[in-house]
Amino acid sequence: MEGINTRKQQAAAAKYLQEKINDRLMESGVTLMSPETTYIGEDVVIGEDTVIYGCVRIEGKTVIGRNNVITEGSYISNSEIGDNNELRAVRITDS
């Protein structure tokens, strides 16, 4: 059994887990324009036909509806977003 013993191994494990989250979202109809620069937490729920650009971080108990656009530089945490929104470089927390 191998463990995570170095920072390099820790980074590789985090990358692997993020890829699994991103794959699950894309398979459910979410478009990630730049998955390698997008961080989405494991508890986040995102509706289909939502488009997320690169350099976006979404975490915590966040629920995002369908048909949204979230642009670069956005940060969303522990919030609920409805359907049909365009969020441009926003910071939304506990909302």
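Me: Contact means heavy atoms within 4.5 Å. Leaving aside its neighbours within four places in sequence, which residues is Gln18 in contact with?

Reply: This is a predicted model, so keep that in mind as we go. Once the neighbours within four places in sequence are set aside, Gln18 has contacts with Thr38, Tyr39 and Ile40. Gln18 itself belongs to helix 1.

Me: Is Gln18 buried or exposed?

Reply: The cut-off for buried is under 20% relative accessible area. Gln18 comes out at 11%, so it is buried.

Me: Which residues does Arg24 touch, not counting residues up to four places away in sequence?

Reply: Arg24 is another residue of helix 1, and it touches Glu42 and Val44 when you skip those up to four places away. Arg24 has a relative accessibility of 40%, so it counts as partly exposed. As for Arg57, it is 33 residues from Arg24 along the chain, with 16 Å between their C-alpha atoms.

Me: Now rings. How are aromatic pairs described, and how many does the structure hold?

Reply: A pair of aromatic rings is described by the distance of the centres and the angle of the planes. In this structure the count is zero. A ring can still have a charge over it, though: the charged end of Arg57 sits over the ring of Tyr39, at 4.1 Å from the ring's centre.

Me: Which residues have the most contacts inside the largest nonpolar core?

Reply: The idea of a nonpolar core is a set of buried nonpolar residues joined through their side chains. The largest one here has 17 residues, and those with the most contacts inside it are Ile40, Ile46, Ile52, Ile58, Ile64, Ile70 and Ile76. Take Ile52: beyond four places in sequence, its contacts include Ile40, Ile46, Ile58 and Ile70, along with Val30 and Leu32.

Me: Where is Ile81, and is it buried or exposed?

Reply: Ile81 is placed in strand 9, residues 80-81. With 12% relative accessibility, it counts as buried. Leaving aside neighbours within four places, Ile81 is in contact with Val63, Ile64, Gly65, Asn68, Leu87 and Ile92. Ile81 and Asn67 lie 14 residues apart in sequence, with their C-alpha atoms 11 Å apart in space.

Me: Which loop does Asn78 lie in, and what is its phi?

Reply: You'll find Asn78 in the loop between strand 8 (75-77) and strand 9. Its phi is positive, about 50 degrees, although Asn78 is not a glycine. Asn78 has a relative accessible area of 34%, so it is partly exposed. Ala89 has a positive phi too, about 45 degrees, and is not a glycine either. Ala89 sits in the loop between strand 10 (86-87) and strand 11 (91-93). The cut-off for exposed is over 50%, and Ala89, at 53%, is exposed.

Me: Where does Gly60 lie, and which residues is it in contact with, leaving aside neighbours within four places in sequence?

Reply: Gly60 is in the loop between strand 5 (57-59) and strand 6 (63-64). Apart from those neighbours, it is in contact with Asp43, Val44 and Asn78. Gly60 and Val44 are 16 residues apart along the chain, and their C-alpha atoms are separated by 6.4 Å. Gly60 counts as partly exposed, at 28% relative accessibility.

Me: One more: how many residues apart along the chain are Glu86 and Thr71?

Reply: They are 15 residues apart along the chain, while their C-alpha atoms are separated by 7.9 Å. Glu86 belongs to strand 10 and, with a relative accessible area of 47%, is partly exposed.

Technical notes. Residues are numbered from 1 along each chain as its sequence is written. This is a predicted model: local features need pLDDT of at least 70, side-chain atom pairs count only at pLDDT 80 or more; totals for chains, interfaces and linings use all residues. Side-chain values use heavy atoms; hydrogens and water are left out. Rings of Phe, Tyr and Trp (its six-membered ring) pair if their centres lie within 6.5 Å; planes under 30 degrees apart count as stacked, over 60 as edge-to-face and the rest as tilted. A charge sits over a ring if NZ of Lys or CZ of Arg is within 6 Å of the ring centre and within 35 degrees of the ring normal. A nonpolar core is a set of buried Ala, Val, Leu, Ile, Met, Phe, Trp, Tyr and Cys residues joined through side-chain atoms within 4.5 Å. Buried means under 20% relative accessible area, exposed over 50%, partly exposed in between (1.4 Å probe, protein chains only). Helices (H or I, at least four residues) and strands (E, at least two) are DSSP runs, numbered from the N terminus.
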